[in-house]
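Morning, everyone. I have one structure to go through today, and I will keep it brief. Please have the sequence and the model up while I talk.

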Amino acid sequence: MNVPGNRLMITIYDWFGYELPIKERYQLIKEAGFDGVLMWWSEDFNRNDDYRKGPEIAREVGLFIENIHTPVKNQNNLWLDNLDGEALTDCYLQCVADCAEFEIPTMVVHLPNDSKPYNALGLDRIKRITEKAEQLGVNVALENLRNLTNLAYVLEQVDSLRIGFCYDCGHHYRYYPSDDLLSMFGSRVMALHLHDNNGSYAQHGLPFDGTIDWSTTMKNIAETNYSGATAIEAMNWDYENLSAKEFLHKAFERAKRLEALRERSLIVE
């Protein structure tokens, strides 16, 4: 029988939908019970350059940094044979360097959508990113969105311990509900994004507020043998009646329920 010893870590996406000073943000996350954060690594979406101060501030209040999320606005440029494609590649290479500088183990990347098919140039850029990730000891986790063909191709073509999969359960059940992504890529999971498919955006709701079967989802995650944190990527889009503190406490309560389901699945007779 394999019984887990210490409990799993619980983390949350740091920009969860409230306008807050960055230090207060991390203090509230810590006070709610979370062990660490997933950091947004960009000034996009009306954020500012405080994100580069984030690692120090988070650690000061006792949080660890599980990963950073790289910029997403130009994600479809990666395959393009032009300056925009090179600029995005340089951005990702800089994110690898930033992870090494700030001692952050993993970065999450969006590949282009399947409406933008992969090509040899794009694969070469991924290989350049891989080489730098291997040199600096950084994991690059490719997230599932509307990109299953591109994702499968890259993971098949790039055989590196530094290139893996960020499993986003909300995107899974929204875009490819009939595909078993964890059977396909489970051996390469490097990060989780856990959120439900409720609300006006049909994603990024708190777990147990939508239609995702969490018992099955957490069992499938446990069967991959991924030992990283139970990571919540919920937003307050449909919880605006809650204060930031109330939202975080509710998110932590839901994360504990997910953790219990996951730990139960880890007990193997």
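Predicted model: local features only at pLDDT ≥ 70, side-chain atom pairs only at ≥ 80, totals over all residues.

Start with helix 4, residues 120–136. Its 17 residues span 25 Å from the first C-alpha to the last, close to the 24 Å expected at 1.5 Å a residue. At the N-terminal end, the cap is Asn119: one of its side-chain oxygens sits 3.3 Å from the backbone nitrogen of Leu121. Just past the other end comes Gly137, with a positive phi of about 70°.

Which residues of helix 4 are buried? They are Gly122, Leu123, Arg125, Ile126, Ile129, Thr130 and Ala133. Looking down the helix axis, these buried residues fall within an arc of 155°, so they line one face of helix 4. What do they pack against? Their partners are helix 3 (83–101), strand 5 (139–143), helix 5 (148–157) and strand 6 (163–168). On the face turned away from the buried side, you find the exposed residues Ala120 and Gln135.

Now the salt bridges. How many does a search of the whole structure find? The count is seven, and I will show some of them.

Take Asp98 and Arg52, whose side chains meet at 3.1 Å, N to O. Asp98 belongs to helix 3, while Arg52 is in the loop between strand 2 (36–40) and helix 2 (54–60), so the pair ties together parts 46 residues apart in sequence. Asp98 is buried at 3% relative accessible area, and Arg52 is partly exposed at 33%.

Next, Arg254 and Asp209, where the closest N and O atoms are 2.9 Å apart. Arg254 is in helix 9 (residues 244–266) and Asp209 in the loop between strand 7 (189–193) and helix 8 (214–223), so this bridge ties together parts 45 residues apart in sequence.

Glu259 is buried at 4% relative accessibility; Lys256, at 34%, is partly exposed.

Finally, salt bridges that share partners join Glu86, Arg125 and Arg128 into one network. That takes us back to helix 4, where Arg125 is among the buried residues.

Definitions and conventions
Residues numbered from 1 in each chain as written. Heavy atoms only, no water. Helix = DSSP H or I, 4+ residues; strand = E, 2+ residues; numbered from the N terminus. Expected span 1.5 Å × (residues − 1). Buried < 20%, exposed > 50% of the residue type's maximum accessible area, 1.4 Å probe, protein only. Arc of directions from axis to C-beta. Contact = heavy atoms within 4.5 Å. Polar contact = N/O pair within 3.5 Å; in protein donor to acceptor, adjacent residues only side chain to side chain. Salt bridge = Lys/Arg side-chain N within 4 Å of Asp/Glu carboxyl O.
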